[in-house]
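Thanks for coming. I have one model to show, and I will keep to two topics.

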Amino acid sequence: MKTVSIVLCTYNGGKYLAQQLDTILQQSYPLFEIIVQDDGSTDDTIDIVLSYKEKYPIITLIQNVHNLGPNINFLTGIERAKGDYIALSDQDDVWDPTKIAELVHTMEQTGKAVGFCRSREFSEDGSIEVFFDERTPNYSMERMIFGDSMAPGHTMIIRRSFVPELSVEKYRALDSGGHDEFIALMAAANESLCLCNKVLVRYRRHSTQASAGRDRSFTFRNNWFSIGVVALKSYRRKKNVMEEFFTKRLQFFSALPIHNPSLNNALRLAYLFSHRSLVNYFRLTALCVRLRRKIFFTTEMPPRKLLIRSFFFPLYCATYFRDQCLTSKLSQ
């Protein structure tokens, strides 16, 4: 039987931590170790962890000497784990009892480096609007080169042999997004990311969590004119941000010793986005049309709408960058 490590990163999470630890300890799949890596909590987080550690020897508490921030905290925690598989945990979610068993099964069936399941948001205090996307996540490299990972960290499991690809140095070199986006991108670039298409996590949303400030209120009225106006305004305002974003991704992924069709397509997209000219714009439009079944949620979109959306995607995707400044802050 494959061994599984849990990496749970904490920072002032005492309010919900005990409930999350209970759902981890109640997993149907036996766990090898639970690493709780704390980033300088000043509430009762440490006391809670120590009380559980007395009852459950598989728990190890690591207290960082300096505050690392959530992304570096997770990546260094992953490096410490010794199990065949490493599952990531936030400090305030609720896991289905079969989560680890289902993820291990998926990994064993597919042989991929990184797997993830689905999660459903909930808010006990009503402080955050919750949302569940019914669509099957699109986790192709061609889609994920645009950011906003389809594989949230709290749903992930990682094969330990892949951990050397997830170093802090590589994360800092990419200089974009959170740890979960970085992990998913590295797996997708290697064509080694897989989905367990079951909801196995209840993802708690509340106003004090690290991602609570992300703006998810962006919506369109249901007509093409409104979509076009908003997309054009967004593109004009954010084209410089987009160019810098894709330049960094182009440099990073071009330097990796990886060659496969998905990554080549993503690099071509990044190149055309980062080298603006009228000729390249039309080349980019043609490429988006050709890759439309890789970029979009094709099973939920009628063919005609898919074609039209892909044609305007070089403008429309500017709307994805509304969180760019916040994303940069969260990645520190």
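I will take a helix pair and then the aromatic rings.

This is a predicted model, where local features need pLDDT of at least 70, side-chain atom pairs count only at pLDDT 80 or more, and totals for chains, interfaces and linings use all residues. Residues are numbered from 1 along each chain as its sequence is written, and side-chain values use heavy atoms, with hydrogens and water left out.

Start with helix H9, residues 261-274, and helix H10, residues 278-290: their axes come within 9 Å and cross at roughly 150°. Axes here are lines fitted to C-alpha atoms over the stretch in contact, with angles from 0 to 180 degrees between N-to-C directions. Helices are DSSP runs of H or I, at least four residues, and strands are runs of E, at least two, numbered from the N terminus. H9 and H10 are therefore roughly antiparallel, a term for angles over 145 degrees.

Now the rings. The whole structure has 13 aromatic pairs, meaning ring centres within 6.5 Å, with planes under 30 degrees apart called stacked, over 60 edge-to-face and the rest tilted. Phe 146 and Phe 246 have ring centres 5.7 Å apart and planes at 80°, so they are edge-to-face. Phe 146 sits in the loop between helix H5 and strand E7 and Phe 246 in helix H8, so the pair ties together parts 100 residues apart in sequence. Both Phe 146 and Phe 246 are buried, that is, under 20% relative accessible area with a 1.4 Å probe, protein chains only.

Phe 313 and Tyr 316 make a tilted pair, 6.3 Å between centres and 45° between planes. Both residues of this pair, Phe 313 and Tyr 316, are buried.

Methods: Angles under 35 degrees count as roughly parallel, over 145 as roughly antiparallel, 65 to 115 as roughly perpendicular and the rest as oblique. Rings of Phe, Tyr and Trp (its six-membered ring) pair if their centres lie within 6.5 Å; planes under 30 degrees apart count as stacked, over 60 as edge-to-face and the rest as tilted. Buried means under 20% relative accessible area, exposed over 50%, partly exposed in between (1.4 Å probe, protein chains only).
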